[in-house]
Amino acid sequence: MTTRRTDHTAAAVSTFAQALETAAGAAALSPSSHNCQPWGLGRATSTEARRAAADLTGAEADEYLVLALDRERELTALAAHAVEMEVSCGVYWRILLRTLAAQGWTTAAVRVLDGDGDPGAVGLPGGRPFGAGWPTAWTPLCVVALRPGPPSGERPADLRESALARRTHRGPYGREPLAPGLLRDLEEPAAPGAAAHPVHLRHLTERRDLRAFAAFVARHAGRDFGHRAAWRETHSFVRRDTADATARGDGFTLEQLFGPMSRPRRAATRLALAPTTMHLLGKVGYHRVLAAGLADVVRRTPAVVTMGFAGQAPTRAEQLEGGARLADYWWRATRHGLSLHPISIVLQHDDLRGRLERELSLPGRTFFVSRVGVAGSPAPRSHRRADAAVHVSF
């Protein structure tokens, strides 16, 4: 569709429904911490919900969507997880809106909802911000008003193809340096949709920087393995095998963490990683052994990418745009045949994150650190829950 419509005939709704199905299918493949998939998506269809969305965005539009954080799926063991969850939602949101734009549904207005989605904070009456149809476990983060318009020029099939090809690859990467031109291309913000809040992006490629980062991981990554609440939460996302991961639709298998392994080794690893065993082994330094193994993988990586907010107290808008920048970066890296392996463990404690920023002279508040390179073998695809690509009409 290339002409604007403000009526709501069955044909217009059907057209958007098809576009939304395609976009939600691609966005559902987004990466998230622990593959917890903490996002929710709502489509305003009732008179009450549409009026509320129009008031919030200040725009009369054909369609309104609301991005939410699903509190039943979020990580909560560490304070830093609050930022990770909203960044993860921002990744999903960016892919969704890019795929809608590729199909001719353009953004007319956006409103980020601060105040943790409290109805009073966003100027809405009652106990639910968008009426009785809004899920009680969802915190609304952002509302977008959409209108038909010229397609963005991207192909929805390309966006989905890259989403399917994207991998979190924790295995070894080739040690050949990444070409400077390739790194410059990765550093460029992706069009369309320039960010209002810039994200500091830096590649570590010099051997001294990579060695310094690997040494930091060796010294400090054991903190998370030894943190009982954090490790208990992480372990709750470790799936017994592929069948278990498929049935649950989230988390990760031991093979995704450590690569192919024999049945006896898998059994031994499962026992060693159990929270009770980990606590006991921590008394003899097992968490330091795990940190050293992670550091060795980092040390043999050709590049590490860091992303940071401008300030130490990012707003919700900045966190969502950080996720958008990450989505664009990961999409472009995938198109270049590169894999990523986030090393979030060094960012999840404020004192360690601050120390990392000082030691590596990283500006602002770092929210993402990852290995980048060409993987030596394919990685398993992350599983998705059965309802990952659906939305709620309210």
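This is a predicted model: local features need pLDDT of at least 70, side-chain atom pairs count only at pLDDT 80 or more; totals for chains, interfaces and linings use all residues.
Student: OK, and what about W39, buried or exposed?
Tutor: W39 comes out at 2% relative accessibility, so W39 counts as buried too.

Student: How many aromatic pairs turn up in the whole structure?
Tutor: Nine, from a search of the whole structure. In one of them, the ring centres of W39 and Y92 are 4.9 Å apart and the planes sit at 15 degrees; stacked means under 30 degrees, so this pair is stacked.

Student: Which parts of the chain does that pair tie together?
Tutor: Strand β1 (residues 39–43), which holds W39, and helix α3 (residues 81–102), which holds Y92. The two parts are 53 residues apart in sequence.

Student: What about W134 and F394, how are their rings arranged?
Tutor: Edge-to-face, with 5.0 Å from centre to centre and 80 degrees between the planes. That pair links distant parts of the chain, 260 residues apart. W134 is in the loop between β3 (105–112) and β4 (138–148), while F394 is in the segment after β11 (392–393).

Student: Are those two buried or exposed?
Tutor: W134 and F394 are both buried.

Student: Which residues make up the aromatic cluster there?
Tutor: F130, W134, W138 and F394 form one cluster.

Student: Switching topic: which ring does the charged end of R371 sit over?
Tutor: The ring of Y173, at 3.9 Å from its centre.

Student: And R170, which ring is that one over?
Tutor: The charged end of R170 sits over the ring of F252, 5.5 Å from the ring's centre.

Notes:
Residues are numbered from 1 along each chain as its sequence is written. Side-chain values use heavy atoms; hydrogens and water are left out. Rings of Phe, Tyr and Trp (its six-membered ring) pair if their centres lie within 6.5 Å; planes under 30 degrees apart count as stacked, over 60 as edge-to-face and the rest as tilted. Helices (H or I, at least four residues) and strands (E, at least two) are DSSP runs, numbered from the N terminus. Buried means under 20% relative accessible area, exposed over 50%, partly exposed in between (1.4 Å probe, protein chains only). A charge sits over a ring if NZ of Lys or CZ of Arg is within 6 Å of the ring centre and within 35 degrees of the ring normal.
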